[in-house]
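I opened the model today to look up its sheet, its cores and its surface. My notes follow in that order.

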Amino acid sequence: MPLLRILAALLMLALAMPAFAQGAGAAPHIAIELVPETATPAPGDEVTLAFVSTPQPGWHGYWKNPGDAGLETTLDWGLPTGVTAGPLQYPVPQRLLIAGLMNYVYEGRFTQFVTLKIPADAVPGTVMPVSVKADYLVCTNEICVPESQRLATKLTIGDGVIAPDIRARFDQWRAGLPKPLGSQASFEVAEGMFRLAVPFPAEAAATDPYFFPLTPNALNYAAPQTVRREGDLLIIETTAPTAGPQAVEGVLSIGEGKGFAVTAVPGSVAAGQAAATLDVATALLAFAGALLGGLILNIMPCVFPILSLKALSLARAGGDERSARGEALAYTAGVVLVCLALGGILLGLRAAGASVGWAFQLQDPRVILFLLLLVTAIALNLAGLFEVGAPGIANRMSAKGTGSAFLTGALAAFVATPCTGPFMGAALGTALVLPWWMGMLVFAGLGLGLALPFLLLGFVPALRRRLPKPGAWMATFRHILSVPMFLTALALAWVLGRQAGVDGMTLGLAAALVLALALWWTGRRQLGGKALQWAPAGVALAIGLVAVASVERSAAEPSQVAALGAEPFSEATLERLRAEGRPVFAYFTADWCVTCKVNEKAAIETGGVAKAFGDGKVSVLVGDWTDGDPALGRFIERHNRAGVPLYLWYAPGAAAPRVLPQLLTPAMLTELPANRTS
């Protein structure tokens with residue numbers, strides 16, 4: 001472990017090297033305000049100084065124990081004779097995993113404290129200048145900058161009175177400090193495992209408990225921590241690098257920036273024999289949720305046409321049971337394998353330190369443009385502009401054969417990812433915290449649910465007999481099914497414009513136009529029976545791939561959050577509003593999330609909800625995750641979600657938010673202000 005810390009420190013220095021090219025007068029990346037609790041301390045009293053620190057967006061500071069990387073803040077004081085300074089006190093930190101290294105950080109506003117002791121013989125009216133030089137490290141996910149700031153304030157010996165507004169500010173800031181636990185914890189290190197038993201009432205709520213160690217090398221910082229409750233004990237288990245220290249100190253976080261200072265002595269802590277059983281039960285429950293969510297995805301406009309035409313292809317195939325079952329299994333294999341591949345990539349990226357969630361690929365405008373061209377081609381095919389004459393092409397909806405069915409299933413799974421159905425969000429969120437093989441089981445459940453209707457059609461002849469008989473109507477129905485695909489293409493073009501700007505959307509529409517003309521030409525050549533029928537489409541495909549490779553993300557624009565008087569979400573804003581006693585409705589969305597947009601138009605942005613929220617003085621915060629903001633991603637993850645949508649209701653005084661369903665109704669929202677304690 002010491003070697004890892006040394007290598008991490010060298011990595012921090014390497015990352016910091018580009019920062020030395022900055023000008024000496026560059027503004028610091030963390031703004032620090034030094035605030036005394038009273039400017040007139042009495043002789044012999046203590047006075048607390050607050051270091052109110054505000055990192056720039058995308059930057060973070062470090063806790064006392066920075067974890068696998070980072071540096072602790074150091075203070076060099078200039079104090080009057082007889083005045084002494086205590087240690088720097090830190091609020092409950094956050095965790096940030098980057099490239100497999102665990103960092104204990106602060107990504108939003110945070111406040112540290114130092115207590116000064118005033119000598120008893122200080123003469124009233126004496127002015128005492130106080131100065132301090134703070135040295136610290138501030139980082140983004142890519143670079144680190146060592147910074148120094150010299151801060152100063154003046155104290156005048158007086159009566160020690162604290163102004164009410166200052167007292168209120170300090171009360172709010174102190175809420176972030178870990179509270180004394182009041183009981184001694186115990187720990188045990190055995191066979192490479194660290195187990196910590198913390199006295200904690202069974203009825204006390206704890207959201208996403210996590211132990212931040214202050215004792216060096218007590219545990220492996222980046223290793224996952226499993227938590228279980230045994231009566232009035234909260235037990236945390238993870239891996240340990242050494243035989244164990246004589247005592248362990250740290251902070252137990254219980255969510256929402258709250259925590260307890262923990263001191264633990266060696267003792268006997270039973271291993272969690274039931275943990276594996278609990279994980280399996282949790283995985284099976286998440287599997288069922290993903291199965292149901294995948295089943296609901298079949299009615300989405302980008303999936304339903306594919307499912308419908310595959311179903312009609314079975315009706316056209318007649319009574320060949322072997323062929324029907326073969327196509328059903330191939331379609332299912334294509335769906336499940338794509339879901340497993342996307343899930344595996346997601347888990348791999350998260351293990352490497354990236355803060356990504358489900359549908360992560362849609363945060364890249366190149367993927368959006370690729371989908372735009374693909375969906376445009378499918379829509380034109382359904383509209384009858386051209387026919388796919390070669391078996392095995394992915395969008396040959398009416399083709400027979402297991403190769404075509406497999407690729408069609410893969411296509412259905414890939415284009416379904418923007419649609420997060422009900423019951424799916426919590427299931428996929430659970431998949432991110434389970435052991436990897438259990439998480440993959442959940443992603444397989446999503447694929448199985450998506451493929452289930454076609455699988456049943458293939459294996460249940462009675463269901464196939466209920467399908468309409470083949471006839472001329474099928475051509476008309478196929479043309480009708482092109483409409484939702486054209487609408488999907490239109491939505492993708494809008495998302496591309498949001499991500500890549502007007503220039504990017506123009507590039508995408510131009511590529512789609514070229515593709516449409518080429519496919520029209522291909523269709524004309526097919527009607528004439530000419531050779532090299534696919535030559536125009538091949539040229540258009542090459543042009544489209546160049547466009548996909550060329551599109552770039554534009555500079556982020558401020559989110560349009562005018563509805564309901566909403567503000568952009570940040571944890572600092574949420575903390576401020578809650579400190580004011582305001583009820584808060586926070587929702588998290590993305591331009592590519594179909595369910596999000598339906599909820600916003602059908603439920604959130606309605607007149608009744610606006611009136612109810614206005615009457616109840618509800619503050620609304622919007623987190624836009626279109627571009628995959630990692631800070632939002634980590635906040636979403638802490639609420640057991642793998643992505644958007646996420647809807648949270650913070651009632652005044654409530655310890656934790658209420659997580660609302662992923663499908664909203666106006667009535668569901670209008671009743672929230674009426675029942676402010678819910």
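I count two strands as paired if DSSP finds at least two bridges between them. Helices (H or I, at least four residues) and strands (E, at least two) are DSSP runs, numbered from the N terminus.

The model is predicted, so I kept local features at pLDDT of at least 70 and side-chain atom pairs at pLDDT 80 or more, while totals for chains, interfaces and linings use all residues. Residues are numbered from 1 along each chain as its sequence is written, and side-chain values use heavy atoms, without hydrogens and water.

Sheet. I looked up an open sheet of four strands, ordered β1-β2-β8-β5, with antiparallel pairing. β1 (30-36) and β5 (84-85) are at the edges with a single partner strand each, so one side of each has no neighbour in the sheet. I found seven bridges between β1 and the antiparallel strand β2 (residues 46-55). Ala31 is opposite Thr54 in β2.

Cores. A nonpolar core is a set of buried (under 20% relative accessible area, 1.4 Å probe, protein chains only) Ala, Val, Leu, Ile, Met, Phe, Trp, Tyr and Cys residues joined through side-chain atoms within 4.5 Å. The largest has 90 residues, and Trp358, Phe588, Trp592 and Val644 touch the most other members. Helix α11 (residues 473-527) gives the largest share of this core, 14 residues. A second, separate core has 53 residues, including Leu151 and Phe194.

Surface. Leu337 lies in helix α5 (residues 321-351).

Technical notes
Buried means under 20% relative accessible area, exposed over 50%, partly exposed in between (1.4 Å probe, protein chains only).
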